[in-house]
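Here is a short report for a reader new to this structure. Look at the sequence and the model first, then read on.

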Amino acid sequence: MPNCTHCKKRQAIAFTTFEFYCQDCALAIALSLLKHCQLSKNSINALVANGWNLPVSTSHHYSATNIAHELNCSAQKIRRIANKLGLKTDQYGEWRLD
């Protein structure tokens with residue numbers, strides 16, 4: 001395997017079509033990509049801490065589907081109302097892994 005094209009110091013362990021990455025650079029890039037996916041810090045930490053594929057318990061949040069069941073309407077209606085009222089912000093919730 002060639003050296004990492006990012007840091008140019010360590011042996012690469014992962015690669016794309018045009019670049020090779022050592023473990024440290026691959027992790028840094030993966031975390032950077034996750035940050036831009038608008039996931040909550042809890043979700044990112046859970047992915048990293050649990051090997052990316054184990055279930056993680058976090059505080060309970062309600063999805064549009066959960067709310068729709070409570071109100072006897074569709075999840076699409078809940079989403080439309082939330083968008084109209086500008087409720088899809090960090091103040092009122094977070095992006096979650098499901």
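Contact here means heavy atoms within 4.5 Å. The model is predicted.

**Overall layout**

The protein holds four helices and two strands. Read from the N terminus, the order of elements is β-β-α-α-α-α. The protein has 98 residues, and 17% of them count as buried. Take the contacts between residues at least 6 apart in sequence: 18% of these join residues at least 24 apart.

**Two packed helices**

Two packed helices are described by the angle between their axes and the distance between the axes. Helix α3 covers residues 64-71, and helix α4 covers residues 75-85. They pack at an angle of about 110 degrees. Their axes are 8 Å apart. Angles of 65 to 115 degrees count as roughly perpendicular, so α3 is roughly perpendicular to α4. The crossing of α3 past α4 is right-handed.

Which residues meet? From α3 come Ala64, Thr65, Ile67, Ala68 and Leu71. From α4 come Ala75, Ile78 and Arg79. Sorted by class, the contact of α3 with α4 has six nonpolar residues, one polar and one charged.

**Alanine 68**

One residue of this contact deserves a separate look. Alanine 68 lies in helix α3. Is alanine 68 buried or exposed? Its relative accessibility is 4%. Buried means under 20%, so alanine 68 counts as buried.

What does alanine 68 touch, leaving out residues up to four places away in sequence? The answer is Cys73, Ser74, Ala75 and Ile78. Alanine 68 and isoleucine 78 are 10 residues apart in sequence. In space, their C-alpha atoms are 6.5 Å apart. Isoleucine 78 is also one of the α4 residues that meet α3.

Cysteine 73, one of the residues touched by alanine 68, has its own accessibility value. The table sets the two side by side.

| Residue | Relative accessibility | Class |
|---|---|---|
| Alanine 68 | 4% | buried |
| Cysteine 73 | 29% | partly exposed |

How many disulfides does the structure hold? It holds zero. Cysteine 7 is in no disulfide. Its nearest cysteine sulfur belongs to cysteine 4, 3.8 Å away.

Methods. Residues are numbered from 1 along each chain as its sequence is written. This is a predicted model: local features need pLDDT of at least 70, side-chain atom pairs count only at pLDDT 80 or more; totals for chains, interfaces and linings use all residues. Side-chain values use heavy atoms; hydrogens and water are left out. A disulfide is a pair of cysteine sulfur atoms within 2.5 Å. Buried means under 20% relative accessible area, exposed over 50%, partly exposed in between (1.4 Å probe, protein chains only). Axes are lines fitted to C-alpha atoms, for helices over the stretch in contact, and angles run from 0 to 180 degrees between N-to-C directions. Angles under 35 degrees count as roughly parallel, over 145 as roughly antiparallel, 65 to 115 as roughly perpendicular and the rest as oblique. A crossing is left-handed if the near helix is turned anticlockwise from the far one by less than a right angle, and right-handed if clockwise. Ala, Val, Leu, Ile, Met, Phe, Trp, Tyr, Cys and Pro count as nonpolar, Asp, Glu, Lys and Arg as charged, and the others, Gly among them, as polar.
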